[in-house]
Amino acid sequence: MAPLRTFASLFLAASSASAFTPSTSVVSKVSRPSTSVASSVFDDAVKDWGEEYPQFAEWGWGPSVQAEIWNGRHAMFGWVVMCSCAYAKGHGLFPNGDAALNLKEWGTLSTIASLGNKGMDTITNERAIILIANVHAFFVGIAATIAPLPMSDTLLLDPNHPMYEWQMERNSKLGGIMPDMKQSGVTPHAELMNGRMAMMGLIALLGYSGIQGQSMIDTINEWLGGSYY
């Protein structure tokens with residue numbers, strides 16, 4: 001049964017990989033180098049998106065290089081956080097990690113749907129700490145959008161931001177089915193490829209965890225041969 005579950009999760013990851021295929025950004029001013037594999041379907045979708053929603057496309061919303069870069073960054077950051085949580089769980093860094101929160105002290109924010117206990121239960125200290133860490137990261141992303149620093153790569157494309165021209169030049173050189181693999185090192189091409197692998201890895205992780213009926217942290221620990229705990 002285990003090999004069947006593993007095969008199903010890998011098939012899910014492979015079938016979802018095409019969802020992360022980037023293409024020509026609607027807002028690009030420089031033509032992007034062509035790839036050996038045709039992606040006309042996605043190109044048409046990007047073009048249609050820009051024509052139907054020009055206000056969103058101007059800011060990098062929708063299927064664009066800018067969106068793919070930031071989605072990849074969030075995925076890579078997610079892997080760091082999950083691996084850190086697995087390490088913390090394995091080394092007892094969560095105080096009373098398995099203890100459930102007191103409903104009278106924490107209120108309904110501590111509740112979670114459950115098959116037992118009348119369909120409602122409270123989350124554990126471990127889950128609460130992980131939740132707070134994710135909420136913190138979420139608000140950091142919001143702050144980067146609302147009030148970006150002058151030297152930072154903004155989440156949305158803003159023509160009035162000092163980094164706008166650099167972003168447009170970078171985005172014009174990226175995209176396609178496969179980035180330029182000759183651009184090794186700390187480069188936008190490497191970041192794009194790493195982000196794609198991180199996103200596809202999350203799909204595989206989510207699918208496998210759902211099939212096995214276990215948490216994603218437990219799956220990471222299993223994939224690493226129980227090195228965390």
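Tutor: With charged side chains. Side chains of opposite charge can pair when their charged atoms come close. In this predicted model, Arg73, Asp153, Arg170 and Glu191 are linked in a network of salt bridges.

Student: How many salt bridges does the structure hold?

Tutor: There are five salt bridges in the structure.

Student: How close do the closest N and O atoms come where Arg73 forms a salt bridge with Asp153?

Tutor: The closest N and O atoms of Arg73 and Asp153 are 2.8 Å apart. Arg73 lies in helix 4 and Asp153 in the loop between helix 6 and helix 7, so the pair ties together parts that are 80 residues apart in sequence. Arg73 also forms a salt bridge with Glu191, and there the distance between the closest N and O atoms is 2.5 Å. That pair links distant parts of the chain as well, since Glu191 sits in helix 8, 118 residues from Arg73 in helix 4.

Student: Which residue forms a salt bridge with Glu68?

Tutor: Glu68 pairs with Arg196, with 2.7 Å between the closest N and O atoms. Glu68 is in helix 4 and Arg196 in helix 8, so this pair ties together parts 128 residues apart in sequence. Both Glu68 and Arg196 are buried.

Student: Those pairs keep naming helices. What does the secondary structure of the protein come to?

Tutor: It comes to nine helices and two strands. Read from the N terminus, the order of the elements is α-α-α-α-α-β-β-α-α-α-α.

Student: How should I read a single helix?

Tutor: An α-helix has 3.6 residues a turn, so residues three or four places apart point the same way. Now take helix 7, residues 164–172, and list its buried residues: Tyr164, Gln167, Met168, Arg170, Asn171 and Ser172. They pack against helix 4 and helix 8.

Student: What share of the whole protein counts as buried?

Tutor: Of its 229 residues, 32% count as buried. The accessible surface is about 14,200 Å², and carbon and sulfur atoms make up 65% of that area.

Student: Which residues form a nonpolar patch on the surface?

Tutor: The patch consists of Tyr53, Phe56, Trp59 and Trp61, which together have about 420 Å² of accessible area. Tyr53 belongs to the loop between helix 2 (40–52) and helix 3 (54–58). With a relative accessibility of 36%, Tyr53 counts as partly exposed.

Student: Let us turn to pockets. What is the volume of the largest pocket, and which residues lie nearest its centre?

Tutor: The volume of the largest pocket is about 720 Å³. The lining has 23 residues, and those nearest the centre are Ile130, Asn134, Ser215, Met216 and Ile217. Helix 4 (65–90), helix 6 (125–146) and helix 9 (216–223) are the elements that give two or more residues to this lining. Helix 6 provides the largest share, seven residues.

Note on methods: Residues numbered from 1 in each chain as written. Predicted model: local features only at pLDDT ≥ 70, side-chain atom pairs only at ≥ 80, totals over all residues. Heavy atoms only, no water. Helix = DSSP H or I, 4+ residues; strand = E, 2+ residues; numbered from the N terminus. Buried < 20%, exposed > 50% of the residue type's maximum accessible area, 1.4 Å probe, protein only. Areas by Shrake-Rupley, 256 points an atom, 1.4 Å probe, with all protein chains shown as cover. Patch = residues over 30% accessible without salt bridge, like charges linked within 9 Å, V, L, I, M, F, W, Y side chains within 5 Å. Salt bridge = Lys/Arg side-chain N within 4 Å of Asp/Glu carboxyl O. 1 Å grid on protein atoms, 1.4 Å probe; cavity = no way out; pocket = protein on both sides within 12 Å on 5 of 7 lines; lining within 4 Å. Points joined across faces, edges and corners; volume = space filled by probe spheres on them. Contact = heavy atoms within 4.5 Å.
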